[in-house]
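Look over the sequence and the fold below. The text then goes through them step by step.

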Amino acid sequence: MMNEVTVLENGWIQVKIPLPFSLRWVNSYIIPEDNGFTVIDPGLRTDEAIQLWDDVLEHFKIEWGQITRIVLTHQHPDHYGLAGYIQQKSGCPVYMSQRSHHYALRLWGTKSDYPAALRELYLEHGMPSELMNAIEDNLLSFIEKVSPQPIVSYIEAGSTLVLGGVSWELIDAPGHAYGALCFYQREWGWMICGDQVLPHITPNVSVVPGEERDPLAAFLNSLEELKTYEVKFALPGHRDPFTDFQGRIAELQGHHERRLKGMVEQLSEQPRSAFQLCESLFGIRLRDNPHNLRFAMSETLAHLFYLEERGLVRVEVRDGEVVFFAS
Ligand SMILES: [Zn+2]
Ligand SMILES: [Zn+2]
């Protein structure tokens with residue numbers, strides 16, 4: 001058996017699609033259907049990922065044309081990137097939520113306003129412009145990793161979808177990505193949770209220009225809702241399937257509570273810009289890694305905006321730069 005492949009107890013196939021960054025892999029799930037196979041989250045488009053797909057299909061004697069459907073949990077490039085490529089190989093439909101699709105088009109469409117909007121946001125929150133240049137180059141490097149982009153059909157939260165012969169409830173799961181869906185199978189107690197709940201990794205919660213200002217509130221509310229589902233087995237977008245879904249949610253909630261409290265403490269010692277706070281939380285070595293720096297900066301902003309919305313910090317603009325104070 002190949003290292004990257006695990007056959008789950010119900011015959012579904014977990015494939016660890018390689019990623020060229022610290023997450024290491026994204027999980028794709030191949031689901032046997034009566035008339036072919038459904039693929040969940042095919043991965044980022046890289047030569048290594050395409051090679052693995054060729055090897056996996058050969059190993060299981062699956063033809064491209066037997067992939068009858070691609071279903072995406074959310075729009076992030078590590079999940080969405082290969083959807084168009086596999087659609088061209090197989091001719092299959094690609095399903096995702098409308099909101100997720102709009103985000104994909106906005107980020108990687110021909111006239112994206114996103115890099116300019118992100119630059120404006122980061123500069124006013126204290127990031128030096130040379131670091132922003134590297135972030136912009138990194139953003140542009142993703143276009144080829146999500147191309148060709150798929151033709152998409154929509155599925156929406158509140159409806160159901162049959163996967164592997166059983167019905168799954170679609171749950172709106174915002175905060176990590178607006179428009180993200182979780183899929184819940186009530187009789188089995190299985191949850192396909194994308195990146196909303198991950199084992200060992202804290203899902204990134206980022207401020208995205210042009211979207212709601214308080215993604216951390218949306219994320220924490222979503223965790224509260226997901227906690228009410230009885231889950232025996234969770235299939236995440238990264239790392240391996242796991243059983244203690246409620247316990248993991250509690251850990252993530254605890255992490256954000258501690259992080260919020262720590263930030264207020266730091267600001268009560270000394271007012272700072274979001275960038276200064278980002279560097280004190282995540283370290284200055286991120287200056288050499290524009291991809292991780294973007295995640296860290298947007299995550300810091302998400303926490304600060306959450307605190308500001310609740311009156312726990314306040315802002316002043318000094319010389320064109322936004323500075324946060326503990327209230
Ligand atoms: Zn994601
Ligand atoms: Zn991901």
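Is Arg 239 buried, exposed or partly exposed? At 25% relative accessibility, Arg 239 counts as partly exposed. Buried means under 20% relative accessible area, exposed over 50%, and partly exposed in between, with a 1.4 Å probe and protein chains only. Arg 239 sits in the loop between β12 and α8. Helices (H or I, at least four residues) and strands (E, at least two) are DSSP runs, numbered from the N terminus. Phi of Arg 239 is near 60°, a positive value in a residue other than glycine.

A word on the basis of these values. This is a predicted model, in which local features need pLDDT of at least 70 and side-chain atom pairs count only at pLDDT 80 or more, while totals for chains, interfaces and linings use all residues. Residues are numbered from 1 along each chain as its sequence is written, chains are lettered from A and ligands numbered from 1 in the order in which they are written, and side-chain values use heavy atoms, with hydrogens and water left out.

Turn to the metals. The zinc ion (ligand 1) is coordinated by His 74 (NE2), His 76 (ND1), His 176 (NE2) and Asp 195 (OD), at 2.1 to 2.3 Å. Donors are N, O and S atoms within 2.8 Å of the metal (3.2 Å for Na, K and Ca); water is not among the atoms, so sites may look incomplete. Along the chain, the donors of the zinc ion (ligand 1) follow the spacing H-x1-H-x99-H-x18-D. The angles among its four donor atoms run from 90 to 170°, and the site of the zinc ion (ligand 1) is irregular. Four donors count as tetrahedral if all angles lie between 85 and 135 degrees; four count as square planar and six as octahedral if opposite donors are over 155 degrees apart and all others between 65 and 115; anything else is irregular.

His 76 lies in the loop between β5 (67-71) and α2, and His 176 in the loop between β9 (166-172) and β10 (181-185), so the pair ties together parts that are 100 residues apart in sequence. His 76 counts as buried because its relative accessibility is 14%. His 176, at 10% relative accessibility, also counts as buried. Contact means heavy atoms within 4.5 Å. Not counting residues up to four places away in sequence, His 76 touches Tyr 103, Trp 108, His 176, Ala 177 and Asp 195.

The zinc ion (ligand 2) is coordinated by Asp 78 (OD), His 79 (NE2), Asp 195 (OD) and His 238 (NE2), at 2.1 to 2.2 Å. In sequence, the donor residues of the zinc ion (ligand 2) are spaced D-H-x115-D-x42-H. The site of the zinc ion (ligand 2) is irregular, with angles of 90 to 156° among its four donor atoms. The pair His 79, in helix α2 (residues 77-80), and His 238, in the loop between β12 (233-236) and α8 (245-269), links distant parts of the chain, 159 residues apart. Both His 79 and His 238 are buried.

Next comes helix α3 (residues 83-90), where Ala 83 lies. At 0% relative accessibility, Ala 83 counts as buried. Leaving aside neighbours within four places in sequence, Ala 83 is in contact with Pro 42, Ile 70, Leu 72, Val 94 and Pro 150. Ala 83 and Pro 148 are 65 residues apart in sequence and 8.2 Å apart in space, C-alpha to C-alpha. Pro 148 lies in the loop between α6 (129-140) and β7 (152-154). A cis peptide bond joins Ser 147 and Pro 148, with omega about -10°.

Another backbone feature belongs to His 200. Its phi is near 70°, a positive value in a residue other than glycine. His 200 lies in the loop between β11 (190-194) and α7 (215-226). At 66% relative accessibility, His 200 counts as exposed.

Last, the largest pocket. It is lined by 44 residues, of which Thr 202, Asn 204, Phe 295, Ala 296 and Glu 299 lie nearest its centre. On a 1 Å grid over the protein atoms alone, a pocket is an open set of points with protein on both sides within 12 Å along at least five of seven lines, where a 1.4 Å probe fits; lining residues have an atom within 4 Å of a point. α10 gives the most to the lining of the largest pocket, with seven residues.
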